[in-house]
Amino acid sequence: MRYRFIGDTLLTVPFLRNLRAAYPDARIEMLVAPNSGEVLRDCPYIDELIFFDTTRKHRYENPEGGVRRRKTFWHYVRLLRERRYDTAFVLKRSFSSAALAFLAGIPERIGFDTERRGFLLTRRTPYRPEQHEVDSFLSVLEAVGIPILDRHLEAWWRPEEAESAKQRLLESVEASEPALSGVSNVALHLSSSNRAKEWPAVHAGVFTEWLLSRPERHVHCLGAASDAPLYQSLQAKLPETVRNRLHIHCGQMSLTTSLAFLKQMDWVVGVDSGTLHMAAAVGAPVVALFGPMDERKWQPPGATVVTNPLPCRPCHLKIACHRNLECMSGITPQAVIQKVQDAGLS
């Protein structure tokens, strides 16, 4: 059970792979959020996805172009009870997720001892805020004696999605003038489910101009359709000579096609978001800007991280900010450029 954002969902992959290795013949089903859960559609370690669709609390939980009919919490209690599971791994930390497993009558309920919900679990494990989320999930397996064989991320897409992503990249680059050989493609992601994690527009503009100062470089922006205005505003402020090498793909690809698209990038840079975890999952080099959240827990595995060291960070967005989000505004374009160059990506 892990129904939340894209990044959270992808970070469960090592857990799922190690669980499948321990129980190759088990039937493993996963409760995921609508939209974000699609990244596990073709995951070979699970037999079925169940979409937990009861709320619209967060910015990206609203599906594009329509509203689904939501189900109630009690619908899922009945559904899980009918399926007669032997064990539930409750990787979500909320009280309600443990209550769901308990009310569904699942005999073994294993998860984090958080939100005073321990009495609802048959096996509880500590949740360590400083521990990377991948390792937190794996600690749940270790608590029941399942060996950990590896920790890497993975992602999956279908051949037709790979072809669609390849064609989109080719068409967007060929439409730009002048056409050059040796094109370099970089994905830039500036939007987040929480605005406090976003970079000031003025910094983003300076950095994007630097990216496009290399005539062979093309910059690609992915995301939901609702993210498009952010990049359109950025594009409008760029010099006309480079504007046509910023390509906006927001709302134009499914999550799984986006994975295939990110696989084609030379590197990816952006703010703390699910897109950066998608990039890490496909093996693209990642440069990640972290502000209020703790990079020790949430950085994409293998990423180069840029922060503005302040005594108040990470605050985990748990308190009101009295420094005007200086943790993000204090990350200068020059600091990011230096990190990119130090990583050998420029």
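Author: Rings of Phe, Tyr and Trp, the last by its six-membered ring, pair if their centres lie within 6.5 Å. The model discussed here is predicted.

Reader: Which residues do ring pairs link into a cluster?

Author: The cut-off for a pair is 6.5 Å between ring centres. Ring pairs join three residues into a cluster: Tyr3, Phe52 and Tyr76.

Reader: How many aromatic pairs are there by this rule?

Author: The rule is applied to rings of Phe, Tyr and Trp. The count of aromatic pairs is 9.

Reader: Are the rings of Phe73 and Trp74 stacked or edge-to-face?

Author: Planes under 30 degrees apart count as stacked and those over 60 as edge-to-face. The ring centres of Phe73 and Trp74 are 5.5 Å apart and the planes stand at 90 degrees, so the pair is edge-to-face.

Reader: What does Trp74 count as at 48% relative accessibility?

Author: Partly exposed lies between the buried limit of 20% and the exposed limit of 50%. Phe73, at 24%, counts as partly exposed. Trp74, at 48%, is therefore also partly exposed.

Reader: How are α3 and α4 oriented to each other?

Author: Helix α3 (residues 73-83) packs against helix α4 (residues 95-103) at about 45 degrees, with the axes 8 Å apart. The crossing is right-handed. The two helices are therefore oblique to each other.

Reader: Which residues of α4 does α3 meet?

Author: On the α3 side the contact includes Phe73, Trp74 and Tyr76. By class, the contact has 8 nonpolar, 1 polar and 1 charged residues. The α4 residues are Ser96, Ala99, Leu100 and Leu103.

Definitions and conventions: Residues numbered from 1 in each chain as written. Predicted model: local features only at pLDDT ≥ 70, side-chain atom pairs only at ≥ 80, totals over all residues. Heavy atoms only, no water. Axes fitted to C-alpha atoms, helices over the stretch in contact; angles between N-to-C directions. Helix = DSSP H or I, 4+ residues; strand = E, 2+ residues; numbered from the N terminus. Parallel < 35°, antiparallel > 145°, perpendicular 65-115°, else oblique. Left-handed = near helix turned anticlockwise from the far one by under 90°. Contact = heavy atoms within 4.5 Å. Nonpolar A, V, L, I, M, F, W, Y, C, P; charged D, E, K, R; others polar. Buried < 20%, exposed > 50% of the residue type's maximum accessible area, 1.4 Å probe, protein only.
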